[in-house]
Amino acid sequence: MQRKSTSGLSFPKLQNGNQKNHCPNFVGGMRTEQLWALVGVLVSLYSIYVELHASQEDDFVAFCDITPSVSCSKVLTSPYAKMVGYVYDLPEDHSLNVPNTYLGLLFYSAVILYSIPPFTRVPHRELLFFSASCLSLVLCLVLGYILYAILEDLCLVCLTSYLVNISIFICACKEVKLWSSQNKKE
């Protein structure tokens, strides 16, 4: 059952008649976490573009390369841009030595699919969503530290992805809180 708000947006009603208090639906039925994930996909695709061109063309200057200390190309071509390979000392041609941007694209795609059937039938999907968003926050903290303390750079693309991950985490917290309260009542 749907209930119209004063703004014209629809919010599903719970069995007890209250509206869900998690991230609401937006234009076209998209949820807040899906919109943030869509921004994440676009940022990841741009990052992949920058990474590919910056690693192959010496004179490539990305839109996000503003100064020598504000440069996404510098960050996206550093060894830390492939954290799995860096942490586990994998050879360059190893199948798990993929750029962080690809992992971000995978995460954001999963968040977009999260609330679309048949994925809505996955048991405890709220906990999976919350766990994945927690992992993304931990990686943001690690990569943020590397960005600031080791690379001494400011990467606008990276900061945007951190904002996206924080926003998705907030949605996941609300989702798991709602799920938890519903399970206590049953």
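Among contacts in the chain between residues at least 6 apart in sequence, 58% join residues at least 24 apart, where contact means heavy atoms within 4.5 Å. The model is a predicted one, in which local features need pLDDT of at least 70 and side-chain atom pairs count only at pLDDT 80 or more, while totals for chains, interfaces and linings use all residues. Residues are numbered from 1 along each chain as its sequence is written, and side-chain values use heavy atoms, with hydrogens and water left out.

The chain holds six helices and two strands, which follow the order β-β-α-α-α-α-α-α from the N terminus on; helices (H or I, at least four residues) and strands (E, at least two) are DSSP runs, numbered from the N terminus. Of the 186 residues in the chain, 39% are buried, a term that stands for under 20% relative accessible area, against over 50% for exposed and in between for partly exposed (1.4 Å probe, protein chains only).

The largest pocket has about 1,100 Å³ of space. A pocket is, on a 1 Å grid over the protein atoms alone, an open set of points where a 1.4 Å probe fits, with protein on both sides within 12 Å along at least five of seven lines, and lining residues have an atom within 4 Å of a point; the volume is the space filled by probe spheres set on the points. The lining is made of 45 residues, and Asn100, Leu103, Gly104, Phe107 and Leu139 lie nearest the centre of the pocket.

The largest share, eleven residues, comes from H5. By class, the lining has 33 nonpolar, ten polar and two charged residues, with Ala, Val, Leu, Ile, Met, Phe, Trp, Tyr, Cys and Pro counted as nonpolar, Asp, Glu, Lys and Arg as charged, and the others, Gly among them, as polar.

H4 also packs against H6, at an angle of about 35 degrees and with the axes 12 Å apart; axes are lines fitted to C-alpha atoms, for helices over the stretch in contact, and angles run from 0 to 180 degrees between N-to-C directions. In this contact, Phe107, Tyr108 and Val111 of H4 meet Ser161, Val164, Asn165 and Ile168 of H6, a set with five nonpolar, two polar and no charged residues.

Leu147 belongs to helix H5 and is buried, with a relative accessible area of 4%. Beyond its neighbours within four places in sequence, Leu147 is in contact with Val75, Glu152, Asp153, Cys155, Cys158 and Tyr162.
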